Structures are given as structure tokens and as C-alpha cells.
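Here is a short tour of one protein chain. Keep the sequence and the 3D view open as you read.

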Amino acid sequence: MGWPGLALAALVLAALLGPSRAVVRAVLEGNSSSVDFADLPALFGVPLAPGGVRGYLMEAKPANACQPIEGPRPGNRSLGAIALIRRYDCTFDLKVLNAQRAGFEAAIVHNVRSDDLVRMAHVYEDLRRQIAIPSVFVGEAASQDLRVMVRCDKSAHVLLLPDARPCPDLDCYPVLAMSWVLGRTLALVASTCFILRCLWLWVHSWWPRAPPAKAQASQKAQVRTFTRASDLCAICLDEYEEGDRLKILPCSHTYHCSCIGPWFSQATRRSCPMCKQSVASTEDGSDSTVESVGDEDASLPGHQPPIWAIQAHLRSRRLELLARTSPSRHRSTTSLGSADTAAPPDRPPGPP
């Protein structure tokens, strides 16, 4: 149903359950002025006519009207009489019925030591069926003012009206006031959320967006001039010699340029022969010769040797340690290397 539906239901409920007040209007000085007093119609008897009930006011005797009371005073007045009855001592329906039997056209029952308005209800069903005149309930202060006005102005009379004047504020209807406050609060919250959302969208549209992350440029294999014989080519298994041109792949593995080129041309997928890491396809025409860094002075401040140089140095140290621990294995490795490569003309072939 939602909050708007609940607020609408509360407004309708307040309109239906709100007290239907009437007005006791005292007319003074030949209809030149009037004073209104709030009242509540009874729940029994006939309702007030749209034009109201007009008559001169007369106090009931006895005042509580629990027994038969005196009738209106005879006179030449064209208006009827309205009885003013005190509360308590008996039921409301009995008081009004006694006023009807005495000849009054309406009855006004007032409170005692209180100005609270009470909705008069019947107690006896047989008495309710006999009541045929309207009746209202007023506070004690209103009854005292009505007595003073009638005594001071002989031409004064009262008019019982069914509809009250609009209440000057919402205090007369607490449920309606609460519904009004709730509706205003919901409207304020909804308006604030809408404004904040529009403001956020506007700021977001003008906020400088971060440029999309650029795809990392494909790393190209570098070509260097080797200056230290300290590593082997994994393709031809020859040691690198002074002046060999080497290609260092993005994975830092090094090969002869003459070996890695045919490897790439024959392989279906361009990848490193050792680690199988993919190599960018833009390397064919981008082989650039870079001066060797093997002769750089490593003692310079801030100098950091390249990865391939560190790997070559470590592998050289590993080969030296293996040669020291197993001389026979070292000689076998040397004989296999000399068998795969052509011996210099001025060097006799080694022993088998």
C-alpha cells in the first residue's frame, strides 16, 4: 500500500471519525449581535434540522429534570422554548424525555464543574423510542454565559445549529493534524531525495572521468651484443661467445637471434621455447640492436645490472661449482660441446 496510501486512509478516517459538533448561538439585541458556544448533539432523538431550532431559553425546574418539570411560561412570543438542564442524578434520555413531555421543543444539557463535552447516549431503549426532540450538550461555562445573557436581555433567544464553524486550527482534530504532519514530512523527504538524486546525477555527469586503462604495450624482444661467455642457448645448446647477437624475450629468457627467428617462423604459436609464455606478434620487424650493458661499470651509484646478466652470472657460478665437484662430468660436458662445434684449425682435436 505504501506511505501515500496510509496517509490518505488516515485522512479519510479522520474525516469519518471526527466529532460532528454543533453550535448554540445566543442572539442578542434584536438579532444585532450573537455569541456562539460549542456543543455536541445527542446520539438519540431527532437530529437538528439544517436551519436549526430557534427558541427562548428557560431553566428546568427541577434543574436536573429527573422528575417531571414545569412547562414553558405562557406569553405572546412566537418562538418555542428550549430547556436548560443540569447533568447528573439520572440518565440523559430521561432528562430529555421529561423536557419533551413538559412542552419544550429542544433541550440543552450542561456539564457541572467542567467544560468538557460529552456525547450523550441513551440507556433505556423504550425511552429512546419516545424521544422526538433534539438535544445537545454544553460545558458549564457556556451554560453560565447563556443564563447571564437571557437575564440581561429579555429579547435574547438561542439558536441550535447542526454545523459548527470551521475550527481555527488543527487542534480540534488531533488525528487530522497528525495525518497532515505525516503527509508534509513524507512530501519533504521525497522532495529532498529527488533533489539529491538530480544533484548527484548532475555532478556525476560533469565529474572528470578517469581515462580508461591503456592496454599495456606489447613488450618487444631486445637484441643485445653479448660480451661474456657465461650462458648457453637453449635451442642450439652452444655457449654464448663474445660478439654474439642475443634476443631477450619479455620473460627474460635469452637466445641467439639466428636460433629464435626460425623457431618463431616454424611454430604455430609465438611463445618462449622454455616457459611457453606468449610473445607479441609485432616483433618480426622490430628487432633493434642495443649496445651491450655487460661492460658497464656496476660500481656506479644507482646502477642495476639487467636480469639477463644476473641470470647469466648465476648460471656461470653454478657451472663452475659443478665443474669443481665432478671433474669427470665437466670433461664429458666439454667433449660433447666440442663435438657439436667445429674446432679451430690451429687446435688439434681433443682425446676421445
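Which exposed residues does the face of H6 turned away from its buried side carry? They are Ser258, Ser265 and Gln266. Before going further, note that this is a predicted model.

Helix H6 spans residues 257-266, and its buried residues are Cys259, Ile260 and Phe264. An α-helix has 3.6 residues a turn, so residues three or four places apart point the same way.

What do the buried residues of H6 pack against? They pack against strand E9 (245-248) and strand E10 (254-256). E9 and E10 run antiparallel, and three bridges join them. Lys247 stands opposite Tyr255 in E10. The two strands form a hairpin with five residues between them. In this hairpin, Ser252 takes a positive phi near 75°.

**The chain as a whole**

Now step back. The chain has eight helices and eleven strands. It holds 352 residues, and buried residues make up 32% of them. The accessible surface comes to about 23,000 Å². Carbon and sulfur atoms account for 59% of that surface. Look also at contacts between residues at least 6 apart in sequence: 64% of these join residues at least 24 apart.

Strand E6 covers residues 135-138. Ser135 and Phe137 point one way from E6, while Val136 and Val138 point the other way. All four are buried.

Which strands pair with E6? One is strand E2 (residues 33-41), joined to E6 by two bridges and running antiparallel to it. Another is strand E5 (residues 106-110), joined to E6 by four bridges and running parallel to it. Val136 takes part in both pairings: its bridge partner is Pro41 on one side of the account, and Ile108 stands opposite Val136 as well.

Is Pro134 buried or exposed? Its relative accessible area is 8%. Buried means under 20%, so Pro134 counts as buried. Setting aside residues up to four places away in sequence, Pro134 touches Val46, Pro47, Leu48, Val53, Glu105, Ala106 and Ala107. Take Leu48 from that list. Leu48 is 86 residues from Pro134 along the chain, yet their C-alpha atoms are separated by 6.0 Å.

**A buried asparagine**

Asn98 lies in helix H2 (residues 92-102). Asn98 counts as buried, because its relative accessibility is 5%. Its contacts, not counting residues up to four places away in sequence, are Ala65, Cys66, Gln67, Pro68 and Ile69.

**A nonpolar patch on the surface**

Leu196, Leu199, Trp202 and Trp206 make a nonpolar surface patch of about 530 Å². One of them, Trp202, lies in helix H5 (residues 174-206). Trp202 counts as exposed because its relative accessibility is 52%.

**Salt bridges**

Side chains of opposite charge can pair when their charged atoms come close. How many salt bridges does a search of the whole structure find? The search finds six.

| Salt bridge | Closest N and O atoms |
|---|---|
| Glu59 and Arg147 | 3.0 Å |
| Asp89 and Arg86 | 3.5 Å |
| Arg128 and Glu125 | 2.5 Å |

Start with Glu59 and Arg147, which form a salt bridge. Glu59 lies in strand E3 (residues 53-59) and Arg147 in helix H4 (residues 140-152), so the pair ties together parts that are 88 residues apart in sequence. Glu59 counts as partly exposed, at 33% relative accessibility. Glu59 and Arg147 also belong to a network of salt bridges that includes Arg151.

Arg128 and Glu125 both lie in helix H3. They are three residues apart, about one turn of the helix. Both count as partly exposed: Arg128 at 30% relative accessibility, and Glu125 at 32%.

In the remaining pair of the table, Asp89 is exposed, with a relative accessible area of 58%. Its partner Arg86 counts as partly exposed, at 35% relative accessibility.

Technical notes. Residues are numbered from 1 along each chain as its sequence is written. This is a predicted model: local features need pLDDT of at least 70, side-chain atom pairs count only at pLDDT 80 or more; totals for chains, interfaces and linings use all residues. Side-chain values use heavy atoms; hydrogens and water are left out. Buried means under 20% relative accessible area, exposed over 50%, partly exposed in between (1.4 Å probe, protein chains only). Contact means heavy atoms within 4.5 Å. Patches are made of residues with over 30% relative accessible area and no salt bridge: like charges are joined within 9 Å, nonpolar side chains (Val, Leu, Ile, Met, Phe, Trp, Tyr) within 5 Å. Accessible areas come from the Shrake-Rupley method with a 1.4 Å probe; for residues, only the protein chains shown count as cover. A salt bridge is a side-chain nitrogen of Lys or Arg within 4 Å of a carboxyl oxygen of Asp or Glu. Two strands pair if DSSP finds at least two bridges between them.
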